[in-house]
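Work through these exercises with the sequence and the structure side by side. Try each task before you read its solution.

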Amino acid sequence: MLVPEINLTPQLEQVFRQRLQGVPITSLHSALNDRERTEGWQRAQSGSARVVLGTRLAVFAPLPALALIVVDEEHDASFKQEDGLRYHARDVAVVRGQMENAVVVLGSADPFGEARSLLYQGWGAYDQWLAAGRPVTDKRQMLNDFTGR
């Protein structure tokens, strides 16, 4: 799950740990020291972390069984990397979802036009949830459906 701000990661991790008890979770963001970041990448790569939370950096986490990518507040400008290698984490998430046959959920109260276009084309969970008559705003139930809880 991608979040726009580093300071949201610890709060969200705490919520996930309470809600998904027993599910291994790791965080990836630039505020971690080198050792913590390396350990997080290793947990992701080995599959011992089932959930990865983080900022735009986490979109590149080497997950062996990627099934779901959630980009929370996808409209936030902080998902754009402006220095060095330039990319938009939302766009990388969409392409990675295509490549790995994973569902991509773009969460936003005010989605960008590009995101709306993708959603209207039947992208990801949005289309599945509309077909099931479920409100897309129910992020907690959507997460439960994908994690089997």
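A polar contact is a pair of N or O atoms within 3.5 Å; within protein, one must be able to donate a hydrogen and the other to accept it, and residues adjacent in sequence count only if both atoms are side-chain atoms. This is a predicted model, in which local features need pLDDT of at least 70, side-chain atom pairs count only at pLDDT 80 or more, and totals for chains, interfaces and linings use all residues. Residues are numbered from 1 along each chain as its sequence is written, and side-chain values use heavy atoms, with hydrogens and water left out.

**Exercise 1. Describe the surroundings of Arg96.**

Step 1. Locate the residue. Arg96 sits in helix α3. Helices are DSSP runs (H or I, at least four residues), strands are DSSP runs too (E, at least two), and both are numbered from the N terminus.

Step 2. Check its accessibility. Arg96 has a relative accessible area of 14%. Buried means under 20%, exposed over 50%, and partly exposed in between (1.4 Å probe, protein chains only). Arg96 is therefore buried.

Step 3. Find its polar partner. The side chain of Arg96 makes a polar contact with the side chain of Glu100, at 2.8 Å. The pair also counts as a salt bridge, that is, a side-chain nitrogen of Lys or Arg within 4 Å of a carboxyl oxygen of Asp or Glu. Glu100 lies in α3 as well, 4 residues from Arg96, about one turn of the helix. Glu100 is partly exposed, at 32%.

Step 4. Look further along the chain. Contact means heavy atoms within 4.5 Å. Leaving aside neighbours within four places in sequence, Arg96 touches Val59, Phe60, Ala61, Pro62, Leu63, Leu66 and Ile69.

**Exercise 2. Which residues have the most contacts inside the largest nonpolar core?**

Step 1. Define the core. A nonpolar core is a set of buried Ala, Val, Leu, Ile, Met, Phe, Trp, Tyr and Cys residues joined through side-chain atoms within 4.5 Å.

Step 2. Name the residues. The largest core has 19 residues, and Leu2, Val52 and Val71 have the most contacts inside it.

Step 3. Find the elements. β3 (68-72), α3 (89-100) and β6 (103-107) each give two or more residues to this core. α3 gives the most, with 3 residues.

Step 4. Look for another core. A second, separate core has 8 residues, including Val3, Phe16, Ile25 and Val51.

**Exercise 3. Trace β1 and β2.**

Step 1. Pair the strands. Two strands pair if DSSP finds at least two bridges between them. β1 (residues 25-28) and β2 are parallel over 4 bridges. Leu28 has Gly54 in β2 as its bridge partner.

Step 2. Sort the side chains of β2 (residues 51-54). Val51 and Leu53 point one way, Val52 and Gly54 the other way, and all are buried.
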